[in-house]
Every structure is written in structure tokens, then in C-alpha cells.
Amino acid sequence: MALAPQIGGSTAAAPPGASRAGSLLRLAFDRVGPFLTLGSLLIAWELAARLELVMAFLLPPASGVAMRIFQDLFTGRLAYDIGITLYRAISAFSIAAIGGITLGILISRVAAIRWFFDPLLSIGLPMPKVALLPIFMLWFGLFDASKVLMAAFSASFQIVVTTWAATRGVERELVWSARSLGASEREILREVVFRAAMPQILTGLQIAMPVCMIVVLVTEMIMGGQGLGDSMLRSARYVDSPGVFAGIVEIGLIGFGVMKIMEVLRRRLLAWHQETQKDQ
Amino acid sequence: MIATLWRFTPLLILAIVWEAATWMGLISEFALPRFSNVVASLGTLVQELAYQAGRSMLRGGVGFLGAVVVGVLAGVLMAWYRPVRILVDPLMRCLYPMPKSALIPLTIMWIGLGDASKMTLIFIGCLLPIVLSSYNAARGVDKVLLWSARGMGATEREVLWEIAVPASLPEILSGIRISLALSFILMVSAEMIIANNGIGYLISVLGEGGDYSGMFAGVITISAIGFFADRCFVMLMNRALAWRE
């Protein structure tokens, strides 16, 4: 395999003079490569655990973890935990999205609101919001409300800031031409500014969703109350390592699924945008 | 000077409203400590806060710096060498969307309760966003730049370090900035879940013990540190990118 430096992902750009067999080999490597890494890692994991190179409680065999996931699946435990965690994360995300986008647009339109929120945002954005958890527990109790609000609070800053930046960056010419064509201010906001800002707002939402997941899991670990975070931490406390690994795999899969759904939604919502049309 | 003061007046207003609301009894002192008490706690706890924040910063700093070095290197190599890209890409694709807090129980189990487990957590958590942004940045470098450098006789290594890396620096740095904020979140939450020192530990102990003014003092300390870390990074970023335009 030639280590030909190459930027960009085109497979067609084989170095001149490469034989036909060489380019076939290259194509095969492209196809097989990804599975090679994951497969060999899985096999190494299984072997390391089976041959007891690593203590079983530190690294349970991959097959054992898979068994555990199936077991959880059939007892209904998995669906229950996932349901609770997702319910919390999605409620938090919806609250943060609606509140954040509204506030972001208000900030970019009304000077007084901008003046008031600007320092709060610049301090609040880099701050680790989870630190306020004890106060959220005190105010909203130990159940769903405090977990959901904590996650919504943590994620909303990012959404407000990106929405603000996005609506500020809308080209003036677009607004001017809509206005000269006789659109009312409300129509301009809804039909022009909001749409032109959409790609960047969606990027903000795509950053905020994982934040919601992270915070919901952390609150579950700290406060308990079922969900994937709680069952994982309980497994860790009882040194039930297959349980911990099963939890990581499950959370990873959920995270992957949620991100994919966000990408599909983005492509749907931006079907008219050049970013989507370029892909096709 | 006056402009800066005017900019931060809203914070002053908030502080006054907070103090007035608790002073007039609109909000019970059990739900929200008085602002003046929080300031007093900041004064009395100053040594404790400095010590615990120092412990936290040590953990966060080691994990974060490790992630920056390894992440940028991995991202650039992935963009530059095909085999690396093909082999590492699926791994990154699987791990990137995982909410990083899922790793807290694992690092506890593997590495224990001490500093090393938090450093590892912060390292892994910050690594993937940095790898991804450096990979995207190095992949998106203007090809004309590379061609002209090669045309002028630069070796591949020179093209990589003299052209591709500087050209992708802006995007790499903004990826690192996102990771910086993430490192604070991970640090505080890991310390709140399990630790025997550090600012997150202090906050949760004071909060659970009902000393809310002390807890707020902790929150204010860590927020201030986060704010200044972010500001310093932005200053560094502007300096590093001063050659642009």
C-alpha cells in the first residue's frame, strides 16, 4: 500500500502508473478496511478476556456483554431504561430548542434584550452548568422535573448563541428585497430571516442534543431514578462489569441513532438548500 | 472602560434583584441564599476553594492537553494518509456520537477513584471533537495551495507542516475551544459523582449538606475559571491567527 499523501476522498485518483491489480486492491481495502478495524478490535477484546490476559472483572468477554444486552432486551429492562432516558433527553431538548430559538431571535431583534443577555451569555456559555445541580434538586425535587430542566438549561445556551449568530448573519439584501416586494415585518421574520438562518440554527441544535444526553445521564448517575445512567452506575457499584459494558454499548447505540435522526431531519428540512443539493 | 462597565451592568442588576428578593423575603433563604452571604462565603472559603480548584485544574489540564496533542495529530494524519483514514474512521464514527458521560462508570471501575480516572475521562471526552475538527479542517484545505507548494518543490512533509496545518488552524482551534468547555463539564460531573476532592466534589458536598451559600461560592468560582479559560483561549487563538488578512 503506497502511502501516497492525498487530500480529499476520491478513490479515482490513483497515482499514475498504478497497475490495474493495484487499484483493485485499493478498492478492496476501501471496502474491507472499516470492518477490519472493528472486527479485529472485537476479536482482540474477546481473546484478551477469554485467555484471561486481563482480569475478567476489568474486561468481560465481548460475547458475555452481547449476551447481557440480549438478556436485558428480553426482560424488557432495556426498553424501559432507554424509554425513560430518551423521554427525559427529548423533553429537555424540546424545551431548550423552543426557548433557545425564541430568545435567540429576540436578542437579535431587540437592542434592550441584547444588552441584558449579552454578558449573561458570554459568562454562561463556557460555564459548567451541571455545577448548579444541587440547586435544581432543591427547587424541582428529585424526580423528572429537575433532571429535564437541568439538561434543558445546559443545552439552551448553545442554541441561543447560534440562533443569535445565525439571524445576525442573514444577508441584508435578502431582507431588503423582501421588504421592497411588500412583505410585512412578520412575514420577513418567518419567511426570510428564519429560513436563511435555518442551517446554522440546526447546527446549534445538533450540538445541543448530545449535551442533553450527557447531562441527563449525569443527573441519573447522581440522583438515581431509573434510566440508563442509573442502571450503569448501579452496575459499577456492584462491580457488575458486563452490566457496565452493556450500558456503554447501549448508550453508544442510542447516541448514534439520535445523531443519525438529526442528520436525516436536517436533510429533510434543508431540502431546498444548496448544502443538501450538493450531496445528491 | 465605561463601555465595558455598561456592558456588564446587567450582571449588577441581577445581583441587586437577587439580594432584594431574598432580603424582602420574596424567596425563602432555604431556597436561595442571599447574594451577600454568597459573597461572604467566597471570602471565608477562599483557601478551600483555591485548593480544590487547583486539584480540579490539574486533572482537567492534563486530560485536555493530552487530548489536544493526540487529537490534532490523529486528525491531520487521518486526512493526510489514506490507510490511517480508512482504519481509524469507523472507530471514530462509532465513538463520536456516544454521550461521553457514559464512560464515567467505566473509568471508575478501571482506574479507580483517584486523579487518573478523571484525567482519562477528560482525555477521551475531549479527544473525539478535536480529531473530527482537525480531520475536517485538514481535508478541506484549498488544493491550489497544496499544488503550488508542490510545484515550487516543497517535500510532502513540508507541504503538510508548512501549508496544510497552518491553513486548517482556524477550524482546528475552534474545535479545541468546544472541547475546552466540554472538559469543564466532564470534570465537574465526574467529581460530583465520585471523588474525594476537587471543586465538583466541594460543590456537591456543600449542596447536600445544605450550605447553599457555600455551594454558590463554588459555582461562582468554577464559572469564573471557565470564563477566563475561554477568554484566554480566544486571545491565544487571535494571536495564533494574526497572520490572516
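Chain B holds ten helices and zero strands, where helices (H or I, at least four residues) and strands (E, at least two) are DSSP runs numbered from the N terminus. This is a predicted model, in which local features need pLDDT of at least 70, side-chain atom pairs count only at pLDDT 80 or more, and totals for chains, interfaces and linings use all residues. Residues are numbered from 1 along each chain as its sequence is written, while chains are lettered from A and ligands numbered from 1 in the order in which they are written.

Along the sequence, the pattern of chain B reads α-α-α-α-α-α-α-α-α-α. The C-alpha trace of chain B spans about 75 × 50 × 30 Å along its principal axes. The radius of gyration is taken over C-alpha atoms, and the globule rule is 2.2 Å times the number of residues to the power 0.38.

| Item | Radius of gyration |
|---|---|
| Chain B | 22 Å |

Of the 245 residues in chain B, 42% count as buried. A residue is buried if 20 or more other C-beta atoms, placed from the backbone, lie within 10 Å of its own. Two residues are in contact if their C-beta atoms, placed from the backbone, lie within 7 Å. Among contacts in chain B between residues at least 6 apart in sequence, 72% join residues at least 24 apart.

In chain A, A:Gly104 is part of helix 3 (residues 77-109). A:Gly104 is buried because 26 other C-beta atoms lie within 10 Å. Leaving out residues up to four places away in sequence, A:Gly104 touches A:Ile159, A:Val160, A:Thr163, A:Trp164 and A:Thr167. A:Arg88 is 16 residues from A:Gly104 in sequence and 23 Å from A:Gly104 in space, C-alpha to C-alpha.

Definitions and conventions: Buried ≥ 20, exposed ≤ 12 C-beta atoms within 10 Å, placed from the backbone.
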